[in-house]
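This briefing goes through a few features of the structure shown below, grouped by topic. Please read it with the sequence and the model at hand.

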Amino acid sequence: MNPFLFFGILLIPFIAGFIGPLLNPKRATVLSFISFIIPFVTIVYALIGQSFFGLRFARLPEPLGDFYIFSDSISSAFGMVVALISAMVALYSYPYMKHRFEEMNLNVKKEFRKYVFLYQFYAASMLWLVYSGNLILLFIFLEISLVSSFLLIFMYGYGNRRWVAMLYFIWTHVAGALTFVGFLVIGFENSTLAIKDIASVGYIAWLLIFIGMIVKLPGLGPHIWLPWAHAEAPTPVSALLSPLTVGLAGYVLLRIYLIDSWFIEAYRIPIFAYAILTSVYAGFSVFRQTDYKRLLAYSTVSQMGYMLIGLTVGTFGLMGLVIQYISHAFGKSILFMTAGGIIASYHGLRDLQKMGGLHEYIPTISNAALVGFMNLGGILTVGMFGEFFILKGIVDVFGFNLWMIFAVVFVFILSGWYSFYTLKNIFYGTPKGMERPKINRLLDTPLYAIGIISIAFIFPPLATILLQGIKIVLGGVVP
Amino acid sequence: MELMVIIALLLITLGSALSFRVRWITLPISVIALIMVSQISGGKFLEYTGFVVVIAILNLLSLGIMKKSQIKGVDFGLVALIGSATIYIVFTKDLAMILTTFVVVSVPTYMLVFVNDDIPNVKIGIKYVTFMVLATILFVIGALILSYNHNNFNGTVYILGYTLLIVGLALEVGAAPLHIWAPDVFSNADPIPVSIIASIAKIVPVVVALKILIATTSPLTASASMIAVGIGLISMFTGNIGALTSRELGRVLAYSSTANMGYIISAFVVLINPAFLPLAVAGILLQLIVNAAGKIGMFSAIKEGGGATHLMYLLALSFIGLPPLMGFWSKLFIAVSLINVGYTWLALLLVLNSTISVPYYLRVARDLSGNWVLSLGTIIGVVAALIMLVTLLPPSWFVSGVEKMMEFMTFNLGGM
Amino acid sequence: MTFPAYIPVLFLAPIFLSLPIALAWVYRPGAAWARKLPILSVLGLFISLIISLYILFRVPSESVTIQWLPGFDINFVFTFDYLSKYMGALTAFIAFLIGVYGLEYMKDDYRLGWYWFFFNTFTASMLLVVYSDNLLMLLIGWEGLGLASWGLIGHWFRDDDDLSYVGDSKRRIGPLRLFWSPTTGGWRAISTIRFGDMPMFFAIAAIYALTGTLDISQIPWGDMFQKIGIAGTVILLFAFLLGPFTKSAQLPFSEWLMTAMTGPTTVSALLHSATMVAAGTYLFMKITWYIKPWELEGVPGLEIIYLLVLFLGLISALYGALVATGLLERKVLLAASTMSSLGLMFAAASTSFWLGKIGLLVAFWYLMVHAFAKATLFLVAGHLIHVTHSRFCEGDLELGKKMKIGFGATIIATTFLAGIPPLTAYWVKSGMDELMVELIHDVGALPLILLIAVSVVYAAFLAKFLSLNFIKGTRPHHIDLHGGQLMSSAYAIMVSLMFVLLYVIIREIDPSTSTFFEAGLEKTSFLVGIAVLITYSGGLIMPRIRALANVGFVLSDRLYLPFLNDYIIPGIGWVIASIVDHANRGIDSLFHRWVPEFFERISRDIRKLQTGSLPIYIQIVSGIIIAILIIGALMGWR
């Protein structure tokens, strides 16, 4: 595939960001959807053809190095998910944000303009992030996505939205700043920041990037920002924030790992233990949440622990990381959209204690939630491969270490438990005499589209293409 | 070349004199004079000159927001004078001229600070002038000691000179712990004169200090730099933390200036390794430009009782240091050069400081948010925002400009 | 990439043909036309049945590969060997018959789309497990079973119908209420199964990591065990077997099976005969078939595992049988009996370690016999619940007369399953007796004693079930007999298969049955058979013994095992969750309250300097300048 054509197509979302505000909300939604679905199809096509390439557009002095964008199957795996989820959430945004604007007594047409613009920038910057060939470029897209999502929370969030937006900004800014200094140190040690030219990553750089990305991922401790931000963001933003944005920290760590993996290898055990602790801790936190969106946010923390585990267990762990990202993105976007569906149907209902038996009234959303939780648990969805590769990685790296096996297995068990526990509490049980709302089809259909794709990914040909591609890039030694 | 400057100065004087009758006449004359002075660059380092001219013009325009002025017309002339000096300072290699320029920039602000819409603000003016005089004395003494000592080197004297210079600079630009005048002046004086004090007037002292310090580097620079690092650090933290709970916008911006000066002064430590000096200087200059443009935009908005929402957020985000706005690149260059000379921890504290600053910048932006109205303030805001956006093109061009300009920065005191 | 087209159709037909009703119910729930769509779902099951019969009779033993992850040497490999051919046909047959039964049984249900979709997915998943040679592919089916069982057990999610509960609403022990709703039943099922599936998943990944292949028939089991040593073997196989143990409800994972009775009876029938629980034992048989433990004498870890399975199976069997004697709920009684049978299957299959393939054959044939009998009993129980509107055993001879087919089917199913000579199960059970007798040499007499105990108790509660429902039970308050033709014909056909199996065994049509057919002619087997007949008669005559009522309560409380599921484990979890919750609050306060407050305090202190008084300012500034100069001077001195 022609690189120019490919990256031209990736530009479409940005362009749509400028055109969208000129149209009426309905058309802008369609445009927004198309602007992401075209890249999605293109990326899948590139993945099938296994076409890898780079395209340089600037050569800056040391230590910045070449600014270029490139595509390999890892980028494409991440990019594909970003494009798909963004497209589906774009459709979902229309009814949801309309509801939200009306709730906030804002002019729908006028606000939707701002919304579309910010949305396009937010999603497109994440799409470009995974194709960035220079760490500074990557950082710039990271910050663009941060600002646009910050503004979306700031303007349309729930609760104490300004405070939450600020909190979100500060935490991710800390993450960004630490990573940024780390990148710079890399730049000086190698006199370039172009990913292809970096030869090694020193201790300080690794440490800074690792800590920065742990804050963003987030790991145990810094995780505390995430429930606030994800719960109070307007739901379509949550549906990008949680599935896509935080996981990109894993992408950054993966990229650095692929350049120079010594840090992770040297501190494998403590990082692994920390990852497990994060997962288990957050997994248990889920049980005590009374707010559906906060619950999902804690589950995100737990799932991000998986990615960190994947990082520590060798080549197959990395494959697990990539697939875990995909699977979590599918699942969590569906789930946040179900939360939004409930909010839109029942005037901001988020309190779990007031839910129960909702399947009676909103069966389509309930069924979608099932698919979402299946993704989290890796049941019959692409997450299955993620868990499989992580487990294989553990045997490869640690052998039959009973404690480690037990820990990881327990993490997986726990996520299945909280998934079905939550489902039971929200959707099943005796109905509570609510009325049956009329659901806009855009509030449930996109969820199923994601769900079907997530299931299709365990079967050929999609599974074959995806895993084969990742394997080639990671150079895994596969018997 | 110097001729152009002299003509320009004459023009400014003439304009100021004429303004006795028609206030506005000085404005075009000042602009013309500025452009004439900018010819001194002879095409070299246009990047810097261009920014300074634009900022000076913004300052001139902002004076237009004031309904009346006690020194009507002359205020334009004074700003033009500061602007001219700011351009000139980069290109002169003569110590006497350098120090003169410093004074030329300092003194007009004494007058400007009194200016007000109704009666002159004497109380606050005196507060400002007191400290400025002290600052100027300390600074000049420090500069002279350093220059003299350069040829008859004595370690103790060198460090004393360095300290005096830095203390003078800190007092002049309002860096902590000598920032004490700044919050009061910034919040009580009229926003427009303050915007001049806070923006263009900060550039020359820093450049002068840099020039003198570069010229007098010695083996003891490394230890002397600890003074700069200390003041820089204190200044960053004091500024950013102090701003957190301030309510008056003027005060917040005063603390913000203190923080920005902290970033700049801490970058002085890069002097210990001349190889990375161009990057540091580029960072310092960009930071000064960011500070200037942002402060003008915000103070104008304060004066008008609010600015366009988008512009205010853009300026705030640039201050925070968000890529690809200019505020990001300036901090990037400073951080990069700090890491290069082995001060990674300082770079880390610098970026962490930019995090502390997030809440108050956003608060300022929110408080200043308003509608788009066609007014002078909005126009100034737009231009300021455009300056922040110039770096959409990664400013490697600015760095290469500084590299070419370094020959002017390093002048030789040997002949004295 | 060529493969016979019928293979994907085998799995996809049931799923795709259930989609019309599933979708129709989403958009037009309860519409009259939608209620006709289940026919399509049953058609899908029928297609699977035809294909599986075709495979049984016409396809040679071989495997078929469909490319999946060729780069990892993981592919869809379908194997048609002895076990899978029979098992596939059995599954498809039973599923189809229950499907037909369900057409009538579930006619007026409020959630048909959900029901049929999961019912067919359940069947397709089981078929996938049955025919799969690749462990990862098997896992898809395995997870599908778990998910579908969750969906079906919790089918009546409204929890509003006492008929769908399990337990007695008045029965309380300490903090625990022995009364479970369908949603609780579903949750207990999926949580238990998850607990077993993940270790099994790990074992599969470990096998892949060690050998690079996942095809059960290709894995060099012996070499692998040698490589990882005794501890490795035990860990790996134990982790692997946790999957089958939880799925097949062996101790202590049996609770979910009891509360699984909250699902529609059709589901229980399918779950207990040919799918879900059978999947566990089937998988154990299948891997044992290829591990060939009887050829791996030198691997010490292996014996530990097979001993574990043997005793766990027998003890679970005894537990299940005892519990069943105490229970009065129709379906829960049958559930406990299933658990008991599964234990026997595990035990019989595990003897293959010492005795060779014969153990597997006996276990497998017992699985088949049990499947048809248990399916019949469940279908009859379902019909009874429809007729009497009660979950508990009730019914006298009058009811028996009114439901002649049901009565007859129950008599046949219980007698044929109990092991009364010379009926079907007798021959298989004789095989088991024979195995345990031979095992005395290796393990001791305990297995034989346990087996006989189980057989005896088993017969008793089967007779009790018959007696309490059709002969000597209380007269039902309510008898509603209309309809039922489709249901009765379904279980009539089902039970007739018992005769077919009897014929197959006695005529030795399948050569592998001959070994245990001969065992049935032994004297010891006959003696056990007589003992079984005696307890069966006893159960028939005295289904309830007043004097033992208290023992019955203990048994029907399932020896207090519910505490494990409902009290101990959730309790521990809840404690940890509370600790974690407090920690979260702490961290939240630290970062979002104390740290900002700290900064704000410093900030206020900084601002306190701003008094506005010039003299003070001058003092401060002079002081600071002097201080800095002193510091500078000191530095210069050095």
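This is a predicted model: local features need pLDDT of at least 70, side-chain atom pairs count only at pLDDT 80 or more; totals for chains, interfaces and linings use all residues.

Two strands count as paired if DSSP finds at least two bridges between them.

**Strand pair in chain A**
- Strand β1 (residues 53–59) of chain A runs antiparallel to strand β2 (residues 66–71) of chain A, and six bridges join the two.
- Arg59(A) has Asp66(A) in β2(A) as its bridge partner.
- Six residues lie between the strands in the hairpin of β1(A) and β2(A), where Gly65(A) takes a positive phi near 75°.

**Helix pair in chain B**
- Helix α2 (residues 26–38) of chain B packs against helix α3 (residues 46–63) of chain B at an angle of about 170°, and their axes are 10 Å apart.
- Because angles over 145 degrees count as roughly antiparallel, α2(B) is described as roughly antiparallel to α3(B).
- Residues of α2(B) including Leu27(B), Val31(B), Leu34(B) and Ser38(B) meet residues of α3(B), among them Thr49(B), Val53(B), Ile57(B) and Leu60(B).
- Eight nonpolar and three polar residues make up the contact of α2(B) with α3(B), which has no charged residues.

**Contact between chains A and C**
- Chain A gives 46 residues to the contact, and chain C gives 48 residues.
- On the side of chain A that touches chain C, the elements that give two or more residues are α12 (268–287), α15 (363–377), α16 (383–398), α17 (402–427) and α19 (462–474) of chain A.
- The most is given by α17(A), with ten residues.
- By class, this side of chain A has 29 nonpolar, ten polar and seven charged residues.

Conventions. Residues are numbered from 1 along each chain as its sequence is written. Chains are lettered from A and ligands numbered from 1 in the order in which they are written. Two residues are in contact if their C-beta atoms, placed from the backbone, lie within 7 Å. Helices (H or I, at least four residues) and strands (E, at least two) are DSSP runs, numbered from the N terminus. Ala, Val, Leu, Ile, Met, Phe, Trp, Tyr, Cys and Pro count as nonpolar, Asp, Glu, Lys and Arg as charged, and the others, Gly among them, as polar. Axes are lines fitted to C-alpha atoms, for helices over the stretch in contact, and angles run from 0 to 180 degrees between N-to-C directions. Angles under 35 degrees count as roughly parallel, over 145 as roughly antiparallel, 65 to 115 as roughly perpendicular and the rest as oblique.
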